[in-house]
Amino acid sequence: MPAMSTGDVCAGQEALPVPVCGPRAELPVFQYTPELIAGPGAELDPSEVTIQGCDCQGATCVPEECTCLPDGENYADRRLHSSQKPVLECNILCHCGESCTNRETQRGLHFQLLLCQVPGKGWGLRTQEEIPSGRFVCEYAGEVLGQDEARSRIQSQDPSASNYIIAVREHLHSGQVLQTFVDPTYKGNLGRFLNHSCQPNLFMLPVRTHSMVPKLALFAARDIRAGEELCYDYSGRAFNLGGETQDGDRGGDEGGRRSRKRCRCGTAACSGYLPFDGSLYQADVQEASASC
């Protein structure tokens, strides 16, 4: 087993350090950011507070009274109550205390993770302790891009290079589609090291706190054992609201012009290829027809 590095890939910017097991010199060079930041073309600055806080006066909020909980409580015993509804957390403008249970994704890392090399995949994240189902694990943070910038970056990539850009599309009952493009290639967090799996143990859910730009929060899809590699479905379909509410534009290549990349998740459900969303290779983004 490679020697453990004493370094922290998070550079001290997370609640817990994430050590590196393997040759640190082989890590990609990037600037660490624990949160979303505005990148080229972003219509909204994710650091700007734009959501009005609640007027709750207690140490924690209750659904019957809190304006941040219009669809009932989001968390029970620190576990996500349901992945079938939008999540709005209390923010810095809320009158409730920081101990309020409706602030789960804002508390940073709570599980000891390890960055290591995974055979056939490159770098990956493993957990060093058990993670209960429904618990928040980490964000997928990076630069929030405008659609044109996201398209430009992905079209200029070398076909053999890793693609970190993810396109999340939230389909509303009104028919409106909210799009968020995040790229952690140059500025990002440890979420950039999560590999794809066709049978993942994590799922991604948009969570809003103080901005209409959602955090791309990753939760445990089941009880996860210590030592397991942490993975999610780049397409966003697994476990997610029963439909295509988000499309992960990561890792694939355009059919016809480029050969698709092989999936190496090794699960019984493996499709053989990494998910591919070709919309950013086209002149206009094509919105999926499914809705939540």
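I began with the aromatic rings of this predicted model, and by the pairing rule I used the count comes to 7 aromatic pairs.

I then looked up Phe30 and Phe193, which form an edge-to-face pair with 5.8 Å from centre to centre and 65 degrees between the planes. This pair links distant parts of the chain, 163 residues apart: Phe30 lies in the loop between strand S2 (19-21) and strand S3 (31-32), and Phe193 in the loop between strand S13 (177-188) and strand S14 (195-196). I noted that both Phe30 and Phe193 are buried.

Phe136 counts as buried at 4% relative accessibility, and Phe219 counts as buried at 0%. I also recorded that ring pairs link Phe136 and Phe219 with Tyr75 and Phe203 into a cluster.

I returned to Phe30 to look for charges, and found the charged end of Arg192 over its ring, 4.2 Å from the centre. A further entry concerns Arg262, whose charged end sits over the ring of Tyr273, 5.0 Å from the ring centre.

Leu93 lies in the loop between strand S7 (87-88) and strand S8 (113-118), and I noted it as partly exposed because its relative accessible area is 45%, which falls between 20% and 50%.

How values were computed
Residues are numbered from 1 along each chain as its sequence is written. This is a predicted model: local features need pLDDT of at least 70, side-chain atom pairs count only at pLDDT 80 or more; totals for chains, interfaces and linings use all residues. Side-chain values use heavy atoms; hydrogens and water are left out. Helices (H or I, at least four residues) and strands (E, at least two) are DSSP runs, numbered from the N terminus. Buried means under 20% relative accessible area, exposed over 50%, partly exposed in between (1.4 Å probe, protein chains only). Rings of Phe, Tyr and Trp (its six-membered ring) pair if their centres lie within 6.5 Å; planes under 30 degrees apart count as stacked, over 60 as edge-to-face and the rest as tilted. A charge sits over a ring if NZ of Lys or CZ of Arg is within 6 Å of the ring centre and within 35 degrees of the ring normal.
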